[in-house]
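Visitor: I would like to learn how to read a few local features from a model. Please take them one at a time.

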Amino acid sequence: MPELPEVETTKRGIENQICHKPILGIEIRQAQLRWPVPTELKSLLPGLVIESVKRRGKYLLLKTEPGHILIHLGMSGHLRVLSQPSPPQKHDHIDLVFEDGSTLRYQDTRRFGAWLWTDQPIEDHPLLKKLGPEPLSDAFNSNYLWQATRARNTAIKSFIMNSQQLVGVGNIYANEALFLSGLHPLKPAKDLTKLECETLVRQIRQVLSAAIEQGGTTLKDFLSPSGRPGYFVQKLFVYGRADQACIHCGSLIERAVHFQRASYTCPNCQPLPKKPAHKPPRDSK
């Protein structure tokens, strides 16, 4: 599934190619995505100009004067810009065609992505208004993480992957950031120290920034708008490395399933949190 770095890579790849271009029309070959593609786009979009392309979480926001096109890549979707007309392939579901002859083409094998429209304030959209801070923004800092985790007994991995607490930290990047922070995925969020909060914020930022710099992470089918795969997979420290030596201490990386997602940890660098000692009941006599 495309995560924040892949969506950011897509955003950077298309924005300079579609911004300030008038739309000629939209061709919808398959309207049944995660939600039905609004049919009114065919009458709404012609003549409008893409003013900007922004990202919120995993959503791409194409701004026009009367409203926004919201795009989500789902599990297998990707966008590419064609400089001239080209016959669509089997899973090329949507073409946004511009007056200069170029096309923004959306492909989605599994059809879990989305193309939606809103003319309301974008921050109030139901899919966006409850999202937590962006991990690369000033709003995500050690003080925020410290305050947000004080009453949370949930595991820290589950916490940082909750989009209402923090957007865009998918399973791959959560595993990597926790390893580099020396934190076990099951450590209760409320037990983090201030220093651990500082370290985890720093590592989340560094892991995501490095992935964006490398063009995302290709494990199955992610492609950038240029058609090239992401290369962050070459930089992974623990994810997918079960039974291989830890780069720090040489211990074998372990794999476990936590909350229906694979976790990769070094038993030496990320010790499992100790359970509190059981206190025997008081003698009532």
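Visitor: Is Gln107 buried or exposed?

Guide: The model is predicted, and the values here are computed from it. Buried means under 20% relative accessible area. Gln107 has 19%, so it counts as buried. Gln107 belongs to strand β7, residues 103-108.

Visitor: Now a helix. How many residues does α6 have, and what span does it reach?

Guide: α6 has 21 residues, and its first and last C-alpha atoms are 30 Å apart. That is close to the 30 Å expected at 1.5 Å a residue.

Visitor: Which residues of α6 are buried?

Guide: First the general idea: an α-helix has 3.6 residues a turn, so residues three or four places apart point the same way. In α6, the buried residues are Cys197, Thr199, Leu200, Val201, Gln203, Ile204, Val207, Leu208, Ala211 and Ile212. Their cover includes α1 (4-18), α3 (142-149), α4 (156-160) and α5.

Visitor: What comes just after α6?

Guide: Gly215, which has a positive phi of about 90°.

Visitor: What is the phi of Asp243, and what is the phi of Gln260?

Guide: Most residues other than glycine have a negative phi. Asp243 has a positive value, near 70°. Gln260 has a positive value too, near 65°.

Visitor: Where are these two residues, and are they buried or exposed?

Guide: Asp243 is in the loop between α6 and β9 (254-258). With a relative accessibility of 61%, Asp243 counts as exposed. Gln260 sits in the loop between β9 and β10 (261-265). Its relative accessibility is 78%, and Gln260 also counts as exposed.

Visitor: Last, the surface. Which residues make the nonpolar patch?

Guide: Leu186, Phe259 and Leu272 make a nonpolar surface patch of about 300 Å². A residue needs over 30% relative accessible area to be part of a patch. Leu186 has 32% and is partly exposed. Leu186 lies in the loop that links α5 (171-181) and α6 (194-214).

Technical notes: Residues are numbered from 1 along each chain as its sequence is written. This is a predicted model: local features need pLDDT of at least 70, side-chain atom pairs count only at pLDDT 80 or more; totals for chains, interfaces and linings use all residues. Side-chain values use heavy atoms; hydrogens and water are left out. Patches are made of residues with over 30% relative accessible area and no salt bridge: like charges are joined within 9 Å, nonpolar side chains (Val, Leu, Ile, Met, Phe, Trp, Tyr) within 5 Å. Accessible areas come from the Shrake-Rupley method with a 1.4 Å probe; for residues, only the protein chains shown count as cover. A salt bridge is a side-chain nitrogen of Lys or Arg within 4 Å of a carboxyl oxygen of Asp or Glu. Helices (H or I, at least four residues) and strands (E, at least two) are DSSP runs, numbered from the N terminus. Buried means under 20% relative accessible area, exposed over 50%, partly exposed in between (1.4 Å probe, protein chains only). The expected span of a helix is 1.5 Å times one less than its number of residues. Contact means heavy atoms within 4.5 Å.
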